[in-house]
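These are my notebook entries on a protein structure. I set down what I looked up, entry by entry.

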Amino acid sequence: MAEVSWVESLGFLKDFEVRRRARFAEWLEAFRGRLQVERRKASSAQLLVAQVKAQLKERAELDEEVSKRLRSFASRALARPEDWSCEDLADADFLSSVQLDCAQQLAEVSRSFKVLLENSEPFKDLEAVSREGFKTILLAEQLLREAEAKDADCLSAWQKHEALCKKHLETQDLTGLWSSEVAYRRSVAKFGDVSEAAHQKAAGLTRKLREEGERFRALSKRILSDVAACMASCYNTLARTANEASPYRQPSAALELPRLPDWERPVPPETALMLKQGTVERQQGLLRHWRSCHLLLTKEGSVHCYDGLPEASGPVWSGRPGEGASLRVDTAARTLSLYPAREWLKQRWRLTLRVATLEELLDWEQQLGSHWRQGPEVQEVQEVQEVQE
């Protein structure tokens with residue numbers, strides 16, 4: 001397989017960034033469409049709650065006022081009762097009794113409506129579900145903002161790396177390019193974590209919103225049935241109507257939610273700035289114990305040692321060839337010792353590494369030997385200083 005130049009690798013990486021942004025923009029647009037529909041449904045639900053409350057309150061006040069007027073009318077004393085015959089007086093008393101019965105029934109309906117507004121558990125649940133829907137939408141919008149922030153970080157890191165690569169096109173000097181590229185790859189890894197979690201949480205929030213919508217619809221139907229029952233208890237004609245026909249209209253067609261596209265974690269293409277990498281062991285601590293690490297050699301000869309993958313964290317040791325830099329190989333112990341250049345004042349400690357097999361040791365010696373001068377071991381032995389990112 002032909003070796004890929006760093007310029008070609010930059011082109012592959014740019015194509016990956018373009019596809020990553022386009023894929024995220026598609027997902028973001030679909031998720032925003034869902035939230036727009038859900039917010040509209042939540043607003044409509046709150047309007048329904050407010051409308052039902054207003055109508056029940058006005059109806060309770062109206063029935064209470066009519067009940068008071070009927071009682072007042074029925075309690076009025078007849079003028080000159082001595083002028084009435086016994087039969088006419090009995091008929092007049094019957095009419096007053098009917099008015100009093102009507103007043104009592106209206107008063108009962110008014111009290112029932114007030115109880116429904118103030119102490120009804122279904123009505124309280126209805127308002128709670130309506131509020132919960134908005135809270136769920138706010139959580140979903142927070143997910144969007146977090147994913148957009150990581151997307152912006154990726155774009156910023158890529159623009160910085162692309163600008164640095166353009167400066168090196170004329171000189172073909174690869175110094176510093178790997179540090180810039182690994183910063184971009186680290187941003188992509190963080191974006192992948194956040195976007196993947198956002199996609200999973202978005203599916204959960206969508207299910208929650210659907211369940212809350214179904215619960216809201218069931219509660220609203222129950223409340224309307226209670227209202228109809230209160231009115232039917234007073235008006236027999238309304239009771240027959242309520243028994244013969246449903247109080248609900250045929251529901252309108254449900255608003256169609258945009259489908260979220262499938263999501264895959266973004267993985268950048270291989271880099272052309274790296275000459276060799278692999279898992280080795282490095283010596284550290286006062287007891288000089290061995291700890292697994294990831295060693296990476298760039299084409300410019302720089303060596304970087306990581307506790308994990310380069311995309312996960314910064315290097316704990318870095319060095320580059322130059323005056324004073326040297327390499328020592330111990331075949332019997334299968335170890336490599338790297339001594340940084342003198343100008344690296346903050347990292348003048350050697351890095352001692354151990355590989356698993358002799359073949360791997362010889363391969364590392366060959367690759368490093370093309371950049372690092374092999375020399376005798378330095379007499380002054382100091383521990384490796386770990387450089388925090």
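**Entry 1: confidence.** I noted at the outset that this is a predicted model. I found a mean pLDDT of 78 for the protein, with 85% of its residues at 70 or more. Residues 377-389 form another, with 33 contacts beyond four places in sequence.

**Entry 2: helix H6.** I checked the length of H6, which comprises the 12 residues 358-369. At 1.5 Å a residue the helix should span 16 Å, and I found its end C-alpha atoms 16 Å apart, which agrees. I next asked which residues of H6 are buried. They are Leu361, Trp364 and Leu368. Seen down the axis of H6, these buried residues fall within an arc of 65°, so they line one face of the helix. I recalled that an α-helix has 3.6 residues a turn, so residues three or four places apart point the same way. On the other side of H6, I found Glu359 and Gln366 exposed. At the N-terminal end, Thr357 caps H6, with a side-chain oxygen 3.2 Å from the backbone nitrogen of Glu360.

**Entry 3: Thr136.** I located Thr136 in helix H3, residues 121-167. Is Thr136 buried or exposed? Thr136 has a relative accessible area of 0%, so I recorded it as buried. Leaving aside neighbours within four places in sequence, I found Thr136 in contact with Leu205, Lys208, Leu209 and Glu212.

How values were computed:
Residues are numbered from 1 along each chain as its sequence is written. This is a predicted model: local features need pLDDT of at least 70, side-chain atom pairs count only at pLDDT 80 or more; totals for chains, interfaces and linings use all residues. Side-chain values use heavy atoms; hydrogens and water are left out. Helices (H or I, at least four residues) and strands (E, at least two) are DSSP runs, numbered from the N terminus. The expected span of a helix is 1.5 Å times one less than its number of residues. Buried means under 20% relative accessible area, exposed over 50%, partly exposed in between (1.4 Å probe, protein chains only). The arc is that of the directions from the helix axis to the C-beta atoms. A polar contact is a pair of N or O atoms within 3.5 Å; within protein, one must be able to donate a hydrogen and the other to accept it, and residues adjacent in sequence count only if both atoms are side-chain atoms. pLDDT is the predictor's confidence in each residue, from 0 to 100. Contact means heavy atoms within 4.5 Å.
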